[in-house]
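Here's a quick walk through one protein model, written for someone who has it open on screen. Grab the viewer and follow along.

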Amino acid sequence: MILDKETRLYEIEQALRKSAEPVSGDALAKSFSVSRQVIVQDISLLRAKNVPIQSTNRGYYIDTPSGFRRTFKCRHRDDEITEELNLIVDLGATVEDVFVEHRYYGKIAATLNIQSRKDVKHFMDDIYHSVSTPLKNITDGYHFHTIFARDEETLDEVEAALAEAGFLVPDETFKEEA
C-alpha cells in the first residue's frame with residue numbers, strides 16, 4: 001500500500017499503538033511498501049511530534065501510559081478551534097489526533113498530541129501561518145478527535161464539556177481501552 005507521508009506517519013503510529021509487541025523496522029517497511037531507511041526517518045518525525053516511540057533490538061513500540069481513549073465526533077467553526085482544544089487540555093486530557101471520514105478519499109488523519117495550552121497555541125500559530133486550512137473544513141466542519149486520559153471520569157468530563165459547548169455531535173462517541 002502506497003500512502004502519502006502524513007497518512008503513512010499516522011498509520012505507523014496506529015500500528016505501533018495497536019501492537020502488543022515491538023514491530024521491526026523491516027516489518028513496517030514491508031507493510032508500507034517503503035525502505036527501512038524511510039521508516040527510520042518516519043520514526044524520527046513521529047518522535048519530533050512527541051510520540052513516545054521506543055526502540056529495542058526487536059523493533060519499535062510506543063511507551064503508552066496506562067489510561068483510556070475515546071473518539072468524539074465534533075463540529076464547529078474555525079474561530080472555535082482554540083476553545084475546543086483548550087477545553088480538552090484544561091480537563092487534563094490529551095488530543096492525540098484529528099481525522100475526517102471523507103466520502104471519496106476515506107479516512108484522512110493527522111497526529112496532534114496536544115497536551116497543554118502551550119501546545120494549543122503552537123498548533124494554532126501553525127494553522128494561522130499556513131496556506132492550509134483545518135482538516136475539518138473538507139467535511140463541512142465535521143471531524144473526530146481521539147482523546148486520551150488516565151481515567152474514564154476525565155473522558156466523561158470532556159464529553160460533557162464538548163456537549164455543553166455545542167461541539168459534540170450527539171450519539172457519535174466510541175470507547176476504547178488503552
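In which loop is the place of Ser33? Look in the loop between helix 2 (25-32) and helix 3 (36-48); helices here are DSSP runs of H or I with at least four residues, strands are E runs of at least two, and both are numbered from the N terminus. Before going further, note that this is a predicted model, where local features need pLDDT of at least 70 and side-chain atom pairs count only at pLDDT 80 or more, while totals for chains, interfaces and linings use all residues. Residues are numbered from 1 along each chain as its sequence is written, and side-chain values use heavy atoms, with hydrogens and water left out.

Ser33 isn't a glycine, yet its phi is positive, at about 55°. Ser33 counts as partly exposed because its relative accessibility is 45% (buried is under 20% relative accessible area, exposed over 50%, partly exposed in between, with a 1.4 Å probe and protein chains only). Asn50 is another non-glycine residue with a positive phi, near 70°. You'll find Asn50 in the loop between helix 3 and strand 1 (53-56), and at 52% relative accessibility Asn50 counts as exposed.

## The cores

In soluble globular proteins, nonpolar side chains tend to be buried together. The largest nonpolar core in this model has 22 residues, and Ile88, Ile147 and Leu162 have the most contacts inside it. (A nonpolar core is a set of buried Ala, Val, Leu, Ile, Met, Phe, Trp, Tyr and Cys residues joined through side-chain atoms within 4.5 Å.) Elements giving two or more residues to this core include strand 3 (68-75), helix 4 (81-90), helix 5 (117-128) and helix 6 (152-165). Helix 4 gives the most, with five residues.

Zoom in on Leu162: skipping neighbours within four places in sequence, Leu162 is in contact (heavy atoms within 4.5 Å) with Phe72, Cys74, Glu84, Leu87, Ile88, Phe167 and Leu168.

## How the helices pack

Helix 4 and helix 5 pack at an angle of about 155°, with their axes 9 Å apart. Axes are lines fitted to C-alpha atoms, for helices over the stretch in contact, and angles run from 0 to 180 degrees between N-to-C directions. That pair is therefore roughly antiparallel (under 35 degrees is roughly parallel, over 145 roughly antiparallel, 65 to 115 roughly perpendicular and the rest oblique). On the helix 4 side, the contact is made by Ile81, Thr82, Leu85, Asn86, Val89 and Asp90, and on the helix 5 side by Arg117, Val120, Phe123 and Met124.

Helix 1 (residues 5-18) and helix 3 cross at roughly 80°, and their axes come within 10 Å. Helix 1 and helix 3 are therefore roughly perpendicular to each other.

## A look at Glu6

Glu6 is found in helix 1 and is partly exposed, with a relative accessible area of 38%. Not counting residues up to four places away in sequence, Glu6 touches Lys49 and Ala109. Compare Glu159: Glu6 and Glu159 are 153 residues apart in sequence and 28 Å apart in space, C-alpha to C-alpha.
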